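Reader: Could you walk me through a few local features of this structure?

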Amino acid sequence: MNRESLNIVVVGHVDHGKSTLIGRLLFDTDSLPQGAIEKVKRISKEKGKDFEYAYLLDAFEEEQKQGITIDTTRLQFKTDKRDYVIIDAPGHKEFLKNMISGAASAEAAILMVDANEGIQEQSKRHGYILSLLGIQKVYVAVNKMDLVDYSEERYSEVRKDFDRFLNTLGVYPIKYIPVSAFYGDNIAEKSEKMPWYNGESILDAIDSLEKEKGLEEKSLRFPIQDIYKFDHRRIIAGRIESGSLKVGDEIVILPSNKTTKVKSIEYWVEKDKKEEVSAGMSVGIIVEDEFFYKRGEIISHKDDIPVVTDTFGGNLFWLGKNDLEKGKKYKLKLSTLEIECEIAKIDKVIDASTLETIENGERVKKNDVAEITIKTKEPIALDEFKNIQSTGRFVLVDDLDVSGGGIITRGSSFEVEKK
Ligand code: GDP
């Protein structure tokens, strides 16, 4: 039987203990490859330090350089209940970008905050990104409790502070957990050093999470990735992002607005034909009528279509070297689509750590958040993020560089011309 797997991301201010927590989780669940601990001992010594769990990630990176394939962007550990994939190691240059672009799609998050230092700008910013990405399953680990003598008072103080900030963003953490990642307190086992804490350890807490069900039960969204020609047939290929699709279904391809029926479906993994496929599967379909359609168009069922528009509003997180500017042109990526767009309006710029806002801005600086209106060169198919996530998030490319991304908050169709 296939074991359930859950994607989790660990975020928080630098040095608040993300790598240590990850190292500890891998260690406590016996998920380390052979020799890893020896390697960490050696690296710790080379750096003139005591043993550091955080160096486990360095040890993995070293192996990667030597051509051994441990993917530090997808570290795994297991509990009795299921497999966990920690997506994207913190500290990676691309970490925030991957989160924003959805390259790393997290189902739950652990937000780390140092009990000694308290909330920092980056803690807030990461909280903001979680809210932006619609990640609701958030745990806050109040770390380094050993440095504050496992004090309940200090824990409550940090918790209260952070709660106030996160709640203004609409992030309501499922649980706060006082931990010492370094000493393993409340990580895999409940710690005896904090008798005042009645809650669960990190592992028990994430194990008690119920996985969100049913992307397959949502509306069908099948973005076209490629069109292959075999003999006289054309195969439309891509990944079903949500919903399901059957032979004989009546489908519409947007924005070109063509309606047709599914004649057959190929499922690449089993190199076989299938009558029905669903979310997560990469497939090829043959349709009854052959038109001209292209990469980036979205296939859906006729009675449940995406929005088609050339103007939409979104919440954006900007990471670019250069400021985002009103009136400037960027490349927009939305699922498999790439198209030129212009920033029509910067409705609001928000300092992600103080939540100060400026209305009607001209530019957005690195690490700031904004509500913007984007106009694409031609109409495109999209969804509001709250309805469908995969076709409701976008990325902006500036000068070949992924510089920002966000979610679509406002999008409504105008009548597309029938062809
Ligand atoms: P990251 O930048 O968030 O990944 O932070 P690291 O995991 O690299 O940790 C930064 C420093 O804090 C390292 O020296 C860790 O050993 C230390 N550290 C992490 N967790 C704890 C903890 O629970 N207690 C103490 N005393 N130090 C910790």
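Predicted model: local features only at pLDDT ≥ 70, side-chain atom pairs only at ≥ 80, totals over all residues.

Reader: Where is the place of asparagine 186?

Author: Residues are numbered from 1 along each chain as its sequence is written. Helices (H or I, at least four residues) and strands (E, at least two) are DSSP runs, numbered from the N terminus. On that basis, asparagine 186 sits in the loop between β6 (175-178) and α7 (202-207).

Reader: Does asparagine 186 count as buried or exposed?

Author: Its phi is near 60 degrees, a positive value in a residue other than glycine. A residue is buried if 20 or more other C-beta atoms, placed from the backbone, lie within 10 Å of its own, exposed if 12 or fewer, and partly exposed in between. Asparagine 186 has 27 C-beta neighbours inside 10 Å, so it counts as buried.

Reader: And is aspartate 149 buried or exposed?

Author: Aspartate 149, in the loop between β5 (138-143) and α6 (152-169), has a positive phi of about 55 degrees although it is not a glycine. With 11 other C-beta atoms within 10 Å, aspartate 149 is exposed.

Reader: Which peptide bond is cis?

Author: Look at the loop between β11 (250-254) and β12 (258-267), the place of proline 255. With omega near 15 degrees, the cis bond runs from leucine 254 to proline 255.

Reader: Which helix gives the most to the shell around the ligand?

Author: Among the 19 residues around the ligand, Gly17, Lys18, Ser19, Thr20 and Phe182 come nearest, where near means a C-beta atom, placed from the backbone, within 6 Å. The helix giving the most, with three residues, is α1 (residues 18-28).
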